[in-house]
Amino acid sequence: IIHYLPNNIQIAIFSSNETKEFESKYMTNNTVHVKLDNSLNSKDLSMINVKHYYVRENEQYKFETLCDILDCIVARKCIIFCNTKQKMMELYEQLMSNDFHV
C-alpha cells in the first residue's frame, strides 16, 4: 500500500517493538525516531494498559463528544488523530480553551 501513496506525504508509525525491517523496506532515509522516556516503568509501556476508542460522530458534535470522553476517562497520555493539520490546530486551540492539558 505504501508504494502507491504519493511521495510528499507524512506517515506516522507507532510501535512498541523494533520496526527496522519495515523501515528499511518502505521508509526513506529522513525517518525521524522518537524514543520513549527511560524514566517510564515497564507497566506504563504495557499494551494491557492501552485503551483504544473509535467513535463515529457527526462533525458538529465531535468536539463535545471528545470532551465528554476525556472527562470520563483517566488518561495521562493519549493520541488523537486528525485528518488535516488545520483540524489538528483547531482541536488544539479548542482543547486549550477548555482547560485540557495539551
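Where is Lys77 found in relation to H2 and H3? In this predicted model, Lys77 belongs to the loop that lies between H2 and H3, and the residue counts as exposed because its relative accessibility is 51%, where the threshold for that class is over 50%. Although Lys77 and Val102 are separated by 25 residues in sequence, their C-alpha atoms are 9.7 Å apart in space.

After H3 comes Asp99, a residue with a positive phi near 65 degrees. Helix H2, in turn, covers residues 62-72, and Thr65 is placed within H2. Thr65 counts as buried because its relative accessibility is 18%, and, when residues up to four places away in sequence are not counted, Thr65 touches Val55 and Glu57.

The largest nonpolar core consists of seven residues, namely Phe63, Leu66, Cys67, Leu70, Leu91, Leu95 and Phe100. Helices H2 and H3 each supply at least two residues of this core, and H2 gives the most, with four. Leu95, one of the core residues, is in contact with Phe63, Leu66, Leu70, Ile80, Phe100 and Val102, once neighbours within four places in sequence are left aside.

Nonpolar side chains also occur on the surface, where Met88, Met89, Tyr92, Met96 and Val102 form a patch with about 430 Å² of accessible area together.

Charged side chains were examined last. Side chains of opposite charge can pair when their charged atoms come close, and the structure holds two salt bridges. In one of them, Glu59 pairs with Lys62, with the closest N and O atoms 3.3 Å apart; Glu59 is exposed, at a relative accessible area of 51%, whereas Lys62 is partly exposed, at 41%. Glu59 also meets Lys87 in a salt bridge, with an N to O distance of 3.9 Å. Because Lys87 lies in helix H3 and Glu59 in the loop between helix H1 (20-26) and H2, this pair ties together parts that are 28 residues apart in sequence. Lys87 itself is partly exposed, with a relative accessible area of 33%. Through shared partners, the salt bridges join Glu59, Lys62 and Lys87 into one network.

Key: Residues numbered from 1 in each chain as written. Predicted model: local features only at pLDDT ≥ 70, side-chain atom pairs only at ≥ 80, totals over all residues. Heavy atoms only, no water. Patch = residues over 30% accessible without salt bridge, like charges linked within 9 Å, V, L, I, M, F, W, Y side chains within 5 Å. Areas by Shrake-Rupley, 256 points an atom, 1.4 Å probe, with all protein chains shown as cover. Salt bridge = Lys/Arg side-chain N within 4 Å of Asp/Glu carboxyl O. Core = buried A, V, L, I, M, F, W, Y, C linked by side-chain atoms within 4.5 Å. Buried < 20%, exposed > 50% of the residue type's maximum accessible area, 1.4 Å probe, protein only. Contact = heavy atoms within 4.5 Å.
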